[in-house]
Amino acid sequence: MNERIQEIAKEVGFETDVSGRWLPANSFEKFVDTLLDECIKVVAQSPTSCAFTTFDLGVVECTIKKCTEELKKFKKGDI
């Protein structure tokens with residue numbers, strides 16, 4: 001499992017048993033919210049170096065903006 005996801009799980013109260021398996025926590029909703037926040041942050045910080053022209057940069061920036069907006073809508077339950 002991704003190290004950051006493990007950190008988030010621990011932050012919201014998930015624990016592991018002696019074999020290292022994750023045990024369910026009462027804070028599953030908080031885990032999902034925190035995970036979505038992390039996804040939004042990662043998308044928002046996406047590099048734009050793949051753009052070769054000003055037009056390309058506009059397309060890349062628009063895509064990043066639209067992705068973060070859709071993730072935020074999903075988090076609120078609007079999708």
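A nonpolar core is a set of buried Ala, Val, Leu, Ile, Met, Phe, Trp, Tyr and Cys residues joined through side-chain atoms within 4.5 Å; buried means under 20% relative accessible area, exposed over 50%, and partly exposed in between, with a 1.4 Å probe and protein chains only. The model is predicted, so local features need pLDDT of at least 70 and side-chain atom pairs count only at pLDDT 80 or more, while totals for chains, interfaces and linings use all residues. Residues are numbered from 1 along each chain as its sequence is written, and side-chain values use heavy atoms, with hydrogens and water left out.

**View 1. The largest nonpolar core.** Welcome to the first close-up. Five residues make up the largest nonpolar core, namely I8, A9, V12, F14 and F31. Follow F31 here: leaving aside neighbours within four places in sequence, F31 is in contact (heavy atoms within 4.5 Å) with I5, I8, A9, V12 and F14.

**View 2. The aromatic pair.** How many aromatic pairs does a search of the whole structure find? The search finds one, where rings of Phe, Tyr and Trp (its six-membered ring) pair if their centres lie within 6.5 Å, and planes under 30 degrees apart count as stacked, over 60 as edge-to-face and the rest as tilted. The ring centres of F14 and F31 are 5.1 Å apart and their planes stand at 50°, so this pair is tilted. It links distant parts of the chain, 17 residues apart: F14 sits in the loop between α1 (3-11) and β1 (15-16), and F31 in helix α2 (residues 28-44). Helices (H or I, at least four residues) and strands (E, at least two) are DSSP runs, numbered from the N terminus. Both F14 and F31 are buried.

**View 3. Where α1 meets α2.** The two helices pack at an angle of about 145°, with their axes 9 Å apart. Axes are lines fitted to C-alpha atoms, for helices over the stretch in contact, and angles run from 0 to 180 degrees between N-to-C directions. On the α1 side, R4, I5, I8 and A9 meet F31, T34, L35 and E38 of α2. The residues of this contact divide into five nonpolar, one polar and two charged.

View 4. Helix α2 holds E29, which counts as exposed because its relative accessibility is 62%. E38, another residue of helix α2, counts as buried at 15% relative accessibility. Not counting residues up to four places away in sequence, E38 touches R4 and I8.

**View 5. A51 and its surroundings.** A51 lies in the loop between α2 and α3 (54-76). Which residues does A51 touch, not counting residues up to four places away in sequence? They are D56, L57 and V60. The C-alpha atoms of A51 and D17, 34 residues apart along the chain, are separated by 47 Å.

Terms used:
Nonpolar A, V, L, I, M, F, W, Y, C, P; charged D, E, K, R; others polar.
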